[in-house]
Amino acid sequence: MEYKRRDVQKAIILALRNLGGSASRNDIKKEIADSEIDGLNYDKVYFRKKTKKGSYSPFLFDFNFGLKNLQTVGYVEPLQRGQDVMLTDIGRSTDISNYPNDEQTQAITAYWDKKNALRYEKYKAKNKLKDQQQVDEIDSSSEQDTADDNWKSQLLDQIKEFSPAKFESFSRLLISKMGVKIDKYKGIKLSGDHGIDGFGYFRSDEFRTSRVAIQCKRYTTGLVGESEIRDFKGTMDSFNAEYGIFVTTSSYTDTAKNIATQGNRTVTLIDGQELCDLVEKYQLHITPVTTYALDDYYFERD
């Protein structure tokens, strides 16, 4: 399934409203994908188009342009590098069934016309452009978003190349970083474990210890379905686990998500995108690289 370029401004607004009016760019994208807002599902939001030089996310272009447009018409607060995106009072309450209206479309067009004219003059002065052409605008926050998307895409591609045994080991290591003490025997030895890929114990701040079952599925295509979650919950019962953690490199069907939260024993679902976010959060076998991007302050002209 490929993603076709489109306007995603309404999807951004609805996702932010679902999230309480403020969220990170990653959380907004995840909410759009999880809730399938405006017909945008997981496959479309995280689709990457292959090129001779690698791959890129078409949705991300529309997402970043959408954010800038929403700022232009006053639906979101001025975008700040590394900060959450926040709806304004207008963005929270205004009916968006006819968004964008003619006045808003004119304001957005005027903004990009000005931006492209300034960028053209800048590059023309440096003899970089011989003819007038459209130049995509990317602010510093968008550059950071694109950089994050690129390295996490590479990370996920590499994880998908793991052997099943290495993926299970990797998942147990990550979950241990999340505070679960992994059992040295259950789920690690291949025989007699009835399908689980790990088992552990989590102690809460109230000193209550819970038994945790772990399941891992390294999928290169397709989604984890209802049957996999039902089977796992059955296995959890045999181990008397209070809850489970299911890890995959892809995502989950809607029915699988519903089954995961039913009954007394729930299952926490970790998809490929969240897997990469957790690797970043716990700095698992990655090396941070510090760099800087100039804010619009250095480029804006009256």
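**Exercise 1. Find which residues glycine 91 touches, not counting residues up to four places away in sequence.**

Solution. Step 1: look for contacts, meaning heavy atoms within 4.5 Å. Glycine 91 touches Ile13, Arg17 and Tyr75.

Step 1: Glycine 91 lies in helix H5; helices (H or I, at least four residues) and strands (E, at least two) are DSSP runs, numbered from the N terminus.

Step 2: check its accessibility. Buried means under 20% relative accessible area, exposed over 50%, and partly exposed in between, with a 1.4 Å probe and protein chains only. Glycine 91 counts as buried because its relative accessibility is 0%.

Step 3: Glycine 91 and leucine 16 are 75 residues apart along the chain, and their C-alpha atoms are separated by 9.1 Å.

A word on the model before you go on: it is predicted, so local features need pLDDT of at least 70 and side-chain atom pairs count only at pLDDT 80 or more, while totals for chains, interfaces and linings use all residues. Residues are numbered from 1 along each chain as its sequence is written, and side-chain values use heavy atoms, with hydrogens and water left out.

**Exercise 2. Describe the protein as a whole: how many helices and strands does it have, and what share of its residues is buried?**

Solution. Step 1: count the elements. There are 11 helices and nine strands.

Step 1: turn to burial. Of the 302 residues in the protein, 41% are buried.

Step 2: Residues 24 or more positions apart account for 61% of them.

**Exercise 3. Work out how helix H1 packs against helix H4.**

Solution. Step 1: recall what to look for. Two packed helices are described by the angle between their axes and the distance between the axes. Axes are lines fitted to C-alpha atoms, for helices over the stretch in contact, and angles run from 0 to 180 degrees between N-to-C directions.

Step 1: read the values. H1 (residues 9-18) and H4 (residues 58-72) pack at an angle of about 75°, with their axes 9 Å apart.

Step 2: name the arrangement. H1 is therefore roughly perpendicular to H4. Angles under 35 degrees count as roughly parallel, over 145 as roughly antiparallel, 65 to 115 as roughly perpendicular and the rest as oblique.

Step 3: list the residues. From H1 come Gln9, Ile12 and Ile13, and from H4 come Phe63, Gly66, Leu67, Asn69 and Leu70. The contact of H1 with H4 has five nonpolar, three polar and no charged residues. Here Ala, Val, Leu, Ile, Met, Phe, Trp, Tyr, Cys and Pro count as nonpolar, Asp, Glu, Lys and Arg as charged, and the others, Gly among them, as polar.

**Exercise 4. Find where the cis peptide bond is, and look at glutamine 104.**

Solution. Step 1: the cis bond joins tyrosine 99 and proline 100, with omega about -10°. Proline 100 sits in the loop between helix H5 (89-93) and H6.

Step 1: move on to glutamine 104, which is found in helix H6 (residues 102-125). Glutamine 104 counts as buried because its relative accessibility is 13%.

Step 2: check its contacts. Leaving aside residues up to four places away in sequence, glutamine 104 touches Val73, Tyr75 and Tyr99.

**Exercise 5. Is phenylalanine 207 buried or exposed, and what is its phi?**

Solution. Step 1: phenylalanine 207 lies in the loop between E6 and strand E7 (209-217).

Step 1: its relative accessible area is 62%, so phenylalanine 207 is exposed.

Step 2: although phenylalanine 207 is not a glycine, its phi is positive, about 65°.
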